[in-house]
Amino acid sequence: QGDLELTFAEGTEDYTPLGEEVNDPPQKGEVIYRDDLGVICRRWNWREGDRTKITDETRNAVVVLESIASIAIKEAAEELADLIQKYCGGQIIIYYLNKDSQEIDLKLSLSFWRWGDLG
């Protein structure tokens with residue numbers, strides 16, 4: 001819902017980890033992804049939230065790949081694209097975000113998106 005943002009947690013956000021039912025808010029200053037409804041994942045992209053999990057009804061998804069070094073991110077993105085196409089189908093578009101390209105406009109009419117950081 002709304003913009004997807006990489007930011008720091010205030011420490012007061014509601015967040016339920018994937019597969020859990022109990023609120024486990026991120027710590028103040030923790031790196032999180034959020035949208036207008038709240039936290040999507042925390043600890044960068046490590047701990048996914050239950051609210052935004054992919055299900056059989058999912059028709060649009062953002063798959064985030066992160067890398068400190070850009071050495072293998074392109075290869076990982078291509079391999080992931082092949083696997084998503086093979087097992088899920090849909091249209092796949094790759095966007096790379098880095099210090100020179102810090103945002104993209106997601107068109108939600110597409111089936112799958114993924115982006116990685118080329119730092």
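Why is strand β2 (residues 31–35) largely enclosed by the rest of the structure? The points below take up this strand and its surroundings.

1. Basis of the note. The model is predicted: local features need pLDDT of at least 70, side-chain atom pairs count only at pLDDT 80 or more, and totals for chains, interfaces and linings use all residues. Residues are numbered from 1 along each chain as its sequence is written, and side-chain values use heavy atoms, with hydrogens and water left out.

2. Of the 5 residues in strand β2, 4 are buried, so the strand is largely enclosed by the rest of the structure. Buried here means under 20% relative accessible area, exposed means over 50%, and partly exposed lies in between (1.4 Å probe, protein chains only). Across the chain of 119 residues, buried residues account for 29%.

3. Overall make-up. The chain contains 1 helix and 7 strands, in the order β-β-β-β-β-α-β-β from the N terminus. These elements are DSSP runs, numbered from the N terminus: helices are H or I of at least four residues, and strands are E of at least two.

4. The two neighbours of β2. Strand β1 (residues 5–8) pairs with β2 in the antiparallel sense over 4 bridges, and Thr 7 has Ile 32 as its bridge partner in β2. Strand β3 (residues 38–42) also pairs with β2 in the antiparallel sense, over 4 bridges. Two strands are taken to pair if DSSP finds at least two bridges between them. Asp 35 has Gly 38 in β3 as its bridge partner, and a hairpin joins β2 to β3 through 2 residues.

5. The sheet as a unit. The order β1-β2-β3-β4 describes an open sheet of 4 strands with antiparallel pairing. Its edge strands are β1 and β4 (47–48), each of which pairs on one side only. Between β3 and β4 the antiparallel pairing runs over 2 bridges, with Cys 41 opposite Glu 48 in β4.

6. A charged surface patch. Asp 3, Glu 5, Asp 36 and Glu 103 form a patch of negative charge on the surface. Such patches are made of residues with over 30% relative accessible area and no salt bridge, like charges being joined within 9 Å; a salt bridge is a side-chain nitrogen of Lys or Arg within 4 Å of a carboxyl oxygen of Asp or Glu. Asp 3 lies in the segment before β1 and is exposed, with a relative accessible area of 62%.

Note on methods: Patch = residues over 30% accessible without salt bridge, like charges linked within 9 Å, V, L, I, M, F, W, Y side chains within 5 Å. Areas by Shrake-Rupley, 256 points an atom, 1.4 Å probe, with all protein chains shown as cover. Lys, Arg positive; Asp, Glu negative; His and termini not counted. Charge placed at Lys NZ, Arg CZ, Asp CG, Glu CD.
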